[in-house]
Amino acid sequence: MIEIENVKKSFGNLEVLKGISMTVEKGEVVSVIGGSGSGKSTMLMCINGLEPIDSGRILVDGTEVHAKGTDLNKLRRNIGIVFQQWNAFPHLTVLENTTIALRKVLGKSRSEADEIAIKQLKHVGLGDKLKVYPSRLSGGQQQRMAIARALAMSPKYMLFDEVTSALDPQLVGEVLDTMRLLASEGMTMIVVTHEMAFAREVSNRVAFFRDGLIHEIGSPKQIFESPERPETAAFLKSVL
Amino acid sequence: MFNINYTFHWNQAFRALPQMLEGALVTLQIAVLSMVIGIVIGVLLALAKDSRVAALRWFANIWIEVARNTPALFQVYMIYFGIPAVLQLVAGVFGVNFRALGINIFYLDSYWAVLVGIAFNNAGYLAETFRGGLRAVPPTQTRAARSLGFNAVDSFRLIVLPQMFRAVFHPMTNQMVWAILMTSVGIFVGLNIDLTGVTQELNARTFRTFEFFALAAAIYYVIAKIVTGGARLIAWRLFRY
């Protein structure tokens with residue numbers, strides 16, 4: 001369970017998160033929508049401790065992320081994250097990209113790591129690209145590789161930060177399919193996205209971010225069909 | 001008027017070729033070792049220069065400034081005469097018995113002086129090259145590595161550093177060639193086993209100055225070419241991506 005309690009965060013004078021509270025239960029898929037600059041991505045970075053927070057707290061399975069004694073490296077093994085920029089490691093092949101953390105962080109043997117990685121890469125449809133360098137992959141394939149790389153660590157949670165925003169339109173579908181598959185397998189996911197149809201179809205809940213606050217949160221049906229707040233309705237109207 | 005009675009005697013020079021090639025090996029050895037040391041220290045200096053700790057920044061700055069803006073010869077001199085002087089000072093002030101440690105504080109072997117001096121120079125130049133190279137690796141790479149659970153050292157070592165080395169490989173090759181040529185300053189601190197030193201001794205014995213130094217220059221040239229060619233081969237093998 002991920003518990004976010006009244007989290008505030010500023011970059012200099014700019015307050016990006018103005019008091020976010022949200023709980024994500026095990027097995028839940030929560031989509032986060034909203035305009036750019038509304039704090040969606042920042043919140044994801046805070047959840048796995050890539051960004052510090054100013055006040056409030058975030059608990060992952062009861063561990064306070066930003067507490068002094070927290071071993072972030074250990075915590076992050078439980079939280080997979082996929083970014084908007086593909087972030088493939090260009091000097092490593094697809095297989096090496098997927099095994100390096102297994103071997104160097106989890107200390108698995110090469111054969112053990114290969115086995116896990118190959119299974120995950122097949123899962124996302126890259127079983128035939130093991131020896132290929134990322135520069136030879138399309139954006140969609142690189143993004144699927146990033147998902148497999150995160151999944152290989154067998155995280156309990158997956159965070160997705162606008163993973164299709166930098167992709168050519170014809171490549172978006174394959175990545176969303178992979179995420180759909182993941183959701184159907186019961187992975188707990190927080191998905192920051194601009195893909196409204198996806199959010200509507202896959203999520204248990206949808207959170208609308210506005211000005212560093214959760215403006216409205218509810219079932220996809222409620223948010224998309226009968227939003228309570230006029231700003232939610234206006235935002236949806238502008239993107240749909 | 002000009003004396004143009006000098007006649008070339010190449011035979012003598014060519015007979016000395018094996019001796020000179022032995023010297024060339026020493027030259028290459030100094031260059032390689034000074035590069036290895038220079039690369040390691042260069043990476044540390046590059047990090048230190050962008051460090052949050054002011055003392056580290058200062059230390060790196062002074063090293064880099066001196067290495068890049070003073071003649072390499074002076075740097076070798078500073079080591080050759082400076083280290084014994086410092087050791088004598090330490091011995092005098094703190095009463096350290098270096099003799100018991102097997103260290104002669106009145107004399108530094110010229111081989112070591114040249115090696116350390118050139119390593120000093122390499123480290124200073126490479127530090128700036130590496131700093132540029134590090135900028136070429138997007139910060140998102142570190143972020144991705146950290147998010148997989150890598151600690152700061154491992155994400156630098158396994159993810160950032162290999163990419164940096166690709167970015168700086170050609171400037172590094174240049175530095176290697178430069179290091180080979182720089183070893184010739186060893187002659188000023190009495191190094192007589194490297195290519196220049198051996199050549200100078202042959203010259204002093206025979207006075208066939210032009211022949212010997214022309215041959216030595218040719219050997220330097222060939223070594224430099226082999227190094228650049230080899231580097232290209234390594235780059236081709238290493239950077240397949």
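Colleague: How many helices and how many strands does chain B have?
Modeller: This is a predicted model, in which local features need pLDDT of at least 70, side-chain atom pairs count only at pLDDT 80 or more, and totals for chains, interfaces and linings use all residues. Numbering of residues starts from 1 along each chain as its sequence is written, while chains are lettered from A and ligands numbered from 1 in the order in which they are written. Helices (H or I, at least four residues) and strands (E, at least two) are DSSP runs numbered from the N terminus. Counted in this way, chain B has 10 helices and zero strands.

Colleague: What does the C-alpha trace of chain B span along its principal axes?
Modeller: Read along the sequence, chain B runs α-α-α-α-α-α-α-α-α-α. Its C-alpha trace spans, along the principal axes, about 75 × 55 × 35 Å.

Colleague: What share of the contacts in chain B with a separation of 6 or more comes from residues 24 or more positions apart?
Modeller: Two residues are in contact if their C-beta atoms, placed from the backbone, lie within 7 Å. Of the contacts in chain B with a separation of 6 or more, the share from residues 24 or more positions apart is 74%.

Colleague: How is α2(B) placed relative to α10(B)?
Modeller: The axes (lines fitted to C-alpha atoms over the stretch in contact, with angles from 0 to 180 degrees between N-to-C directions) of helix α2 (residues 17-49) and helix α10 (residues 209-238) of chain B come within 11 Å and cross at roughly 45 degrees. Because of that angle, α2(B) is placed relative to α10(B) as oblique. Angles under 35 degrees count as roughly parallel, over 145 as roughly antiparallel, 65 to 115 as roughly perpendicular, and the rest as oblique.

Colleague: How do the residues of the contact of α2(B) with α10(B) divide by class?
Modeller: From α2(B) come B:Met20, B:Ala24 and B:Leu28, which meet B:Leu215, B:Ala216, B:Ile219 and B:Ile223 in α10(B). Ala, Val, Leu, Ile, Met, Phe, Trp, Tyr, Cys and Pro count as nonpolar, Asp, Glu, Lys and Arg as charged, and the others, Gly among them, as polar. The contact therefore divides into seven nonpolar, no polar and no charged residues.

Colleague: What are the class counts for the contact of α2(B) with α3(B)?
Modeller: The axes of α2(B) and helix α3 (residues 54-69) of chain B come within 7 Å and cross at roughly 125 degrees, which means that α2(B) is oblique to α3(B). B:Leu45, B:Ala48 and B:Lys49 of α2(B) make the contact with residues of α3(B) including B:Phe59 and B:Trp63. The counts are seven nonpolar, one polar and two charged.

Colleague: Which elements give two or more residues to the side of chain B that touches chain A?
Modeller: In all, 18 residues of chain B are in contact with 19 residues of chain A. The elements giving two or more residues to this side of chain B are α6 (139-147) and α7 (152-167).

Colleague: Which are the edge strands of the open sheet in chain A?
Modeller: Four strands, in the order β2-β1-β4-β5, form this sheet with antiparallel pairing; strands pair if DSSP finds at least two bridges between them. Those that pair on one side only, the edge strands, are β2 and β5 (63-64).

Colleague: Which residue takes a positive phi in the hairpin of β1(A) and β2(A)?
Modeller: Strands β1 (residues 2-11) and β2 (residues 14-24) of chain A pair antiparallel over eight bridges, and A:Lys9 stands opposite A:Leu17 in β2(A). Their hairpin has two residues between the strands, and the one with a positive phi, near 65 degrees, is A:Gly12.

Colleague: Which residue in β5(A) stands opposite A:Leu59?
Modeller: β1(A) pairs antiparallel with β4 (residues 55-60) of chain A over five bridges, and A:Glu3 stands opposite A:Leu59 in β4(A). Two bridges join β4(A) to β5(A). Here A:Leu59 stands opposite A:Glu64.
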